[in-house]
Amino acid sequence: MTVTDLVSYEDALAAYDPVMGLEVHVELGTKTKMFCGCSTALGADANAQTCPTCLGLPGSLPVVNATGVESAIKIGLALNCTIADWCRFARKNYFYPDMPKNFQTSQYDEPIAFDGYLDVQLEDGEVFRVHIERAHMEEDTGKSTHVGGATGRIHGARHSLLDYNRAGIPLIEIVTKPIEGAGERAPEVAKAYVAELRELIKALGVSEARMEQGQMRCDVNLSLRPNGTEKFGTRSETKNVNSLRSVERAARFEIQRHAAVLSSGGKIVQETRHFHEEDGSTTPGRIKEEAEDYRYFPEPDLVPVAPSREWVEELRATLPELPRVRRNRLREEWGVSEHDMQSILNAGAVDLIVATVEAGADAAAARKWWMGELARRANEDGVELAALPITPVQVARVAELVAKGDLNDKLARQVIEGVLAGEGDPDTVVEKRGLKVVSDEGALGTAVDEAIAANAAIADKIRGGKVAAAGALVGAVMKATRGQADAARVRELILEKLGVEG
Amino acid sequence: MPGITREEVAHLARLARLELKDEELDHFATQLDDIIGAVARVSEVADQDVPPTSHPLPLTNVMRPDEVRPSLTPEQALSGAPAQEQQRFKVPQILGEE
């Protein structure tokens, strides 16, 4: 692979102003495809979810999925868009075997939603408004597997194998207006936008928007113009950037690449580019076809969609609290910093903490367990936090036992370990493992007496006013009780017995 | 008068992945130009007040509930495929793609 010339990010920004356009495809979570009743369930056998309509067989007719249209309107409303009162589908004609019809059913100049915006919050709390050009309905393509090739099989015959289970799954394509004025923060804005959009889609319940499963995919259009000028430069379109981190890296790489080309007197070629996860680079793909090459025309087999204003208002009334607003509310309720809230969001812990608080835990404890012990375990096991075999109710119970003084942190960690190991509910684990804090004052008092007797020199220091030295005695008692004592109570007892004020 | 040039026919043929010989291009360009010319006569009678019609019936919002209906079996789906492999449609590699 040839090495692409880059200039440093700082040098690129010193001379040029980036303009971005982001196109995000969201696969809706409907039960059936957009234009036929085939199932969209994952994991089916190849070509087990097709029918004459999604295979494009002669005589078949598409009928639009009502939930697909409803989801599109919800997305449009959540993005502050105008909802078209009448719009049509269009055929986007192209010859590639991923669509057996030889066209993709999409929308062209009449998108169902247009002219909106999404406010995104950067990590330091700054809010950046991204304007939305349109959101339109279309369908996904089939899945190709390319076989053979130069290093392929003996016969070397290059061919592709097509599975059309995915062909026809509803997609909403969301296109931003050119994003200007982000300057050096452009890659960060791109990432924050996709992250916010993902949260929004999830909050609307229209898709799980899992990027790693291809349920949400992003194309990054980027161009540079010399600082202080208005006219947009020639853009490149980096396709299928499929993680939040990659969105940021792709934008950054393209800024550095464009700047290198432009500053050496070269011209940017308008083309699609492929993003490489391994090193964050992009390489050229095909030269972009012109829109007229798709020969769009109104889809005659589907009648226009004309959402009544009543329906639109009904749907507007069902919109949930926007994720950014909700996060800010929770951040205040929980009393955490922007940075901590961002970590909680990145860890996928927001809803878990909310559920734990709803189950009776206080916010600080809920946050502590999910972001501490449990985040560490999820990380070790390479699973998402929500996938750990422990429920918010169970975590709340652990927090409650700690708050009541029945468990200390050390024991609580063992309880959590037991729950994760499938030993049962927190109470069962406490019972089975015998993890109660020693609260028997008599037994504790004996242990304290023993510790004082065994550490006379330290005890004298404490009597002499060096209260900090009590820690060593607390440690000795904790050791003697195998960690099952309440450390705060132990400390109280030690100071009491030595006649010192705490 | 709208029409179509030989170059445009060649371009469309490429988009449609049709291989046309020189004499075919001449032949089809002439024919298509005639056809387009004939169809274009519609606009002579349709004035500004007649919008282009894509759907002759005044129907909107024909939708179906999001309920799964039986699909074809993979065998049925593949029964018309000229070639298949691993329960998938087998097609020639398209040149110029990765």
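In chain A, helices α8(A) and α9(A) are oblique to each other, a class left for angles that are not under 35 degrees (roughly parallel), over 145 (roughly antiparallel) or 65 to 115 (roughly perpendicular). Helix α8 covers residues 350-358 and helix α9 residues 363-381, and the two pack at an angle of about 135 degrees with their axes 9 Å apart. The axes are lines fitted to C-alpha atoms, for helices over the stretch in contact, and angles run from 0 to 180 degrees between N-to-C directions. Helices (H or I, at least four residues) and strands (E, at least two) are DSSP runs, numbered from the N terminus.

The model is predicted: local features need pLDDT of at least 70, side-chain atom pairs count only at pLDDT 80 or more, and totals for chains, interfaces and linings use all residues. Residues are numbered from 1 along each chain as its sequence is written, while chains are lettered from A and ligands numbered from 1 in the order in which they are written.

The crossing of α8(A) and α9(A) is right-handed; a crossing has this hand if the near helix is turned clockwise from the far one by less than a right angle, and is left-handed if anticlockwise. On the α8(A) side the contact consists of A:L352, A:I353, A:T356 and A:V357, and on the α9(A) side of A:A363, A:A366, A:R367 and A:W370. Two residues are in contact if their C-beta atoms, placed from the backbone, lie within 7 Å. By class, this contact has six nonpolar residues, one polar and one charged. Ala, Val, Leu, Ile, Met, Phe, Trp, Tyr, Cys and Pro count as nonpolar, Asp, Glu, Lys and Arg as charged, and the others, Gly among them, as polar.

From α2(A), A:E70, A:I73, A:K74 and A:L77 meet A:V312, A:L315 and A:R316 of α5(A). The residues of this contact divide into four nonpolar, no polar and three charged.

The strands of chain A come next. Strand β6 (residues 113-121) and strand β7 (residues 127-139) pair in the antiparallel sense over eight bridges, where two strands pair if DSSP finds at least two bridges between them. A:A113 has A:A135 in β7(A) as its bridge partner. The hairpin of β6(A) and β7(A) has five residues between the strands, and in this hairpin A:G125 takes a positive phi near 100 degrees. Strand β7(A) also pairs with strand β10 (residues 170-176) of chain A, in the antiparallel sense and over seven bridges; here A:E138 stands opposite A:L171 in β10(A).

An open sheet of three strands in chain A has the order β5-β4-β15, with antiparallel pairing. Its edges are β5 (103-106) and β15 (297-298), each with a single partner strand, so one side of each is left without a neighbour in the sheet. Strand β4 (residues 90-93) and β15(A) pair over two bridges, with A:R91 opposite A:F297.

Another open sheet contains strands from both chains: its four strands run in the order β8(A)-β9(A)-β3(B)-β2(B), with antiparallel pairing. The edge strands, each pairing on one side only, are β8 (143-147) of chain A and β2 (84-85) of chain B. Within chain A, β8(A) pairs with strand β9 (residues 159-163) over five bridges, and A:H146 stands opposite A:S160 in β9(A).

Strand pairing between the chains also involves β2 (residues 64-65) of chain A, which pairs with β1(B) in the parallel sense over two bridges. The bridge partner of A:V64 in β1(B) is B:M63.

Over the whole contact between the chains, 33 residues of chain B are in contact with 41 residues of chain A. On the chain B side, the elements that give two or more residues are β1 (63-64), α4 (74-78) and β3 (88-92). Strand β3(B) provides the largest share of that side, five residues. The residues of the chain B side divide into 15 nonpolar, nine polar and nine charged.

At the level of domains, the assignment for chain A gives domain 1 (9-315), domain 2 (335-433) and domain 3 (441-498), with bounds that come from an automatic or database domain assignment. The C-alpha centres of domain 2 and domain 3 of chain A lie 30 Å apart, and their contact takes four residues from each of these two domains.
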